[in-house]
Amino acid sequence: MTAVSLRAETVDLLQRLIRVDTVNPPGNETAAAELLREYLEENDVECELYARVPERANLVARIRGSGDGPRLALLSHTDTVLADPQEWQLDPWSGELKDDEVWGRGALDMKGQVAASAVAVASLAREGFRPNGDLIFLAAADEEVGAGYGLQWLAEAHPEAVRAEYALNEGGGDRVDFGGGPLYVCASAEKMSAPFRLRILGRSGHASMPGIADNALVKAARIIELIAAYEPEQRYGPETEALMRELTGGELPPVEEAVERARRAHPLAAAALEPLLSLTMAPTMISASQKRNVVPAVCELTVDRRLPPGQSVEEAEAVVRALIPNDVDYEYEIMEAHGGTRSPLDTPLWEAVDSFVQEIEPGARTVPLCVAGFTDSHWVRDAFGTVAYGFFPIRTMDVELATRLVHSADERAHVEDLELGVDFLRHAARFVGALS
Ligand SMILES: [Zn+2]
């Protein structure tokens with residue numbers, strides 16, 4: 001490979017990745033995995049594809065460690081959510097470079113980080129970098145849907161390919177300033193997704209004589225109101241406590257005052273903090289009678305629910321049951337329970353992140369964040385006890401804009417941020433690679 005700047009190399013690889021349509025479903029991530037393999041093998045990085053079905057491959061690349069130091073995995077996913085070209089100013093699969101921004105579906109979530117990780121590993125390999133423990137680059141399939149082709153499957157079927165003591169992934173890295181100086185958020189935990197279904201029971205009847213029936217839909221309306229009005233008990237976790245102390249200059253107010261105190265610092269700080277202090281419940285789907293003139297005997301209500309790490313599904317179920325009036329007949333069913341893991345904060349990987357932050361912006365603070373959504377970090381924390389953080393620094397693009405563009409129209413990444421991301425990943429690889 002000729003000497004081009006790492007920035008240009010990353011932009012070029014990202015453009016090529018965006019042009020490979022990996023909208024999930026159906027995914028077709030093998031095309032992206034092959035592209036990455038070709039790029040990495042040109043740089044003498046060993047690669048292996050692992051696929052449950054041929055069209056949905058995961059790529060694992062590796063610089064072997066010279067000793068038995070801890071392994072660092074750079075995690076990423078190659079699939080994207082869909083894009084409606086009608087809503088976009090540019091073709092979502094063009095990968096066009098315009099005003100120093102690379103446009104396209106996945107630019108932020110997360111082909112930008114895929115490209116930066118690949119370039120970090122390739123450039124280190126070219127320089128003859130030999131860490132003490134393996135440096136692993138993993139570009140997984142199927143993160144956005146999670147139908148069992150991606151990291152969850154890989155950790156079960158090929159644990160030796162992905163086992164690592166440390167991992168860096170998506171989910172954090174944004175630079176925010178809530179008035180007390182710049183902060184870089186590092187995602188060290190995530191909430192559990194534990195949606196549930198209520199089947200509210202009544203008695204059917206002809207809708208022309210509603211008095212003879214017991215309308216399950218009307219009963220459900222009451223319950224929806226109760227769920228919406230519920231004010232959950234708030235608790236600090238290690239991440240929210242650390243964030244709160246940053247916002248107040250060290251003080252930890254009683255948890256009931258936390259959101260208000262955060263709001264005084266910045267409305268965004270309050271918006272970020274509030275869902276992390278407790279479980280959240282949002283009724284999202286409902287179905288009842290299939291016929292206009294039949295009073296429904298059953299109304300099925302689906303509620304999205306997220307639990308902070310450490311809260312059990314049993315405890316959350318008790319909350320729901322206590323909300324429903326005694327005179328209502330219903331069935332409760334938990335639909336799934338996944339995620340909800342956290343990594344400790346007192347680790348060498350934290351030092352790797354924080355020392356980078358100090359390098360690029362002396363005096364800036366690194367703060368932990370529990371993310372409200374789900375990332376693949378969960379699977380390695382769960383399977384191997386990996387210390388996994390979401391960190392990919394973004395400081396040139398405004399954080400509110402970046403947040404808005406993820407999964408939305410006109411998604412794009414700034415080349416300065418991509419270059420910063422490569423710098424960070426190289427820094428982290430060197431830092432962890434020096435540990436014994
Ligand atoms: Zn993602």
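Predicted model: local features only at pLDDT ≥ 70, side-chain atom pairs only at ≥ 80, totals over all residues.
Residues are numbered from 1 along each chain as its sequence is written, and side-chain values use heavy atoms, without hydrogens and water.

The zinc ion is coordinated at 1.9 to 2.6 Å by H77 (NE2), D109 (OD), E170 (OE) and E170 (OE). Donors here are N, O and S atoms within 2.8 Å of the metal (3.2 Å for Na, K and Ca); water is not among the atoms, so the site may look incomplete. Along the chain, the donors have the spacing H-x31-D-x60-E. H77 lies in strand β3 (residues 72-77) and E170 in the loop between β7 (166-169) and β8 (175-177), so the pair links parts of the chain 93 residues apart. Strands (E, at least two residues) and helices (H or I, at least four) are DSSP runs, numbered from the N terminus. Both H77 and E170 are buried, meaning under 20% relative accessible area; exposed is over 50% and partly exposed in between (1.4 Å probe, protein chains only).

In helix α7 (residues 238-248), the buried residues are E239, T240, L243, M244, L247 and T248. They fall within an arc of 155° seen down the axis of α7, so they line one face of the helix; the arc is that of the directions from the helix axis to the C-beta atoms. Just after α7, G249 has a positive phi of about 80°.

L97, in strand β4 (residues 97-98), is partly exposed, at 44% relative accessible area.
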